[in-house]
Amino acid sequence: MLDWLAAPDHVTARWVVQHLVALVYVIAFTVALAQFRPLLGERGLTPIPRFLARTTFRRHPSVFHLRYSDPLFRVVAGTGLVLALAALAGATDVLPLGAGIALWGLLWVLYLSIVTVGQVWYGFGWESLLLEAGFLVTFLGPADVAPPAPILWLLVWLLFRVEFGAGLIKMRGDPCWRDLTCLEYHHETQPLPGPTSWWFHRLPRPLHRVEVLANHVTQLVVPFLLFFPQPVASIAAAVVVVTQGWLVSSGNFAWLNFLTISLAFAAVDDSWWRLPLPVPGPLPSWFAVVVLAVTLLMLALSVWPVLNMASGRQLMNAGITPVHLGNSYGAFGSVTREREEVVLEGTDDPDGRDSPDAAVWREYDFRSKPGDPYRRPPQVAPYHRRLDWLMWFAPLAPRMARSWLPALLDRLLEADAPTLRLLRRDPFDGERPAWVRARLFRYRFTTRAERRETGAWWHRELIGDYLPARTLPRESAAP
């Protein structure tokens, strides 16, 4: 009677999706462990305790409402990392069905607890995408149980919202998407260019137009084919994988593209590939009831994303639930034409502010964002450098940056060790500078001739001060 709920021809797809989502969880918890203290800790740029004091569990559900401390955050993120590694190693295939669901569910709760208190550092669409994908993967079941078809459909539906939502926001947003010129700018002005971005930017203009056109087909047409009978659905999934791979090769978007690729495999049946996995048995009755309940819940939560996508005022990367389920997705509804970068500098000259031209100012070097024009942009994704991403937003949204950038300058003045570990190079080798400042530069990729002549990847010119020079109060300046 429950045969229609099973999808025995998607055994390999289930295994691949589970392991790829577990891998993304590993990366996400690793990032949290490595970066939380200077960003969100008790002395962070936007401390979690201060945030918890002005919100409620209902608005931002998190285990940290019970209690917060930096060691407790480390325990939560560390536990999540251990559980994610266990899931990646296949623990949920050897545990009883209920225990496997509990492991995946605990992963979801722990990461939700971090995201909801993460403030601007966790305000990215791929956080919600990981939570929604992780919630659905919870109910895919182990290797000895047939994959539940409704959960696979919901994963494909999630992929549809990611791709179609992104396609709609582009067509409704910046006119350069409609006249096929956006990629004449985007490779240069994207948040964190990668090692190949200079070459992508230097492609001939007709190829940029082909890139944009291919993007429109992939995001506005191909998503509908994911729901077609095989082999059409698998071919559509392959198109998504290829185009996401193109994005991976041209820029750094944390785990967004990797997670999108993971979802695409849910549409591929075993006629295309087959791993040597056990032949699954039927779904237990209680598990079938759980699957149906989850399906009904997600269908109800899908009403708002559908209305949002149909609206002329479509919201990008938004949702109506505090637990990040039933979201609407999208990216780059507008593309900046010029790249502006905030560069942080310090001097050990006590008269640095009064005689800025006489002082020697030294630049702080970030790990991922453009700084030194002669440094080739690094490969970062699927790792996520949260501070570097927010530095890209600083020229675009100065009001948002005021919530954390002055505090960052103060940490540099203090030579705060956890903050300095977020950077690639501290020009003062752990010593306190006398003054620090933030300056605004206009960056562009060098031309082919400039690249041959100078070896530089970037050309930059000073626009002016972003934040004036500042120092610590006299009583705080003494070591």
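Residues are numbered from 1 along each chain as its sequence is written. Because the model is predicted, local features need pLDDT of at least 70 and side-chain atom pairs count only at pLDDT 80 or more, while totals for chains, interfaces and linings use all residues.

Begin with the whole structure, where a search finds four cavities of 30 Å³ or more; a cavity here is a set of points, on a 1 Å grid over the protein atoms alone, where a 1.4 Å probe fits but cannot get out, and its volume is the space filled by probe spheres set on the points, which are joined across faces, edges and corners.

Next, select Ser-368, Lys-369, Pro-370, Gly-371 and Arg-375, which are the closest to the centre of the largest cavity among the 13 residues that line it (lining residues have an atom within 4 Å of a point). This cavity has a volume of about 80 Å³, and its lining has six nonpolar, two polar and five charged residues.

Then turn to the second largest cavity, of about 60 Å³, by selecting lining residues including Gln-18, Thr-92, Trp-104 and Pro-142. Helix H5, residues 97–115, gives the most to this lining, with four residues (helices are DSSP runs of H or I with at least four residues, and strands are runs of E with at least two). What number of charged residues does this lining have? There are no charged residues, beside six nonpolar and five polar.

Finally, select residues 122–273, which an unreviewed UniProt entry annotates as "domain: Lipase maturation factor 1/2 N-terminal"; such annotations may be inferred rather than shown by experiment. Over residues 122–273 the chain is 64% helix and 0% strand, with the end C-alpha atoms 36 Å apart.

Methods. Heavy atoms only, no water. 1 Å grid on protein atoms, 1.4 Å probe; cavity = no way out; pocket = protein on both sides within 12 Å on 5 of 7 lines; lining within 4 Å. Nonpolar A, V, L, I, M, F, W, Y, C, P; charged D, E, K, R; others polar.
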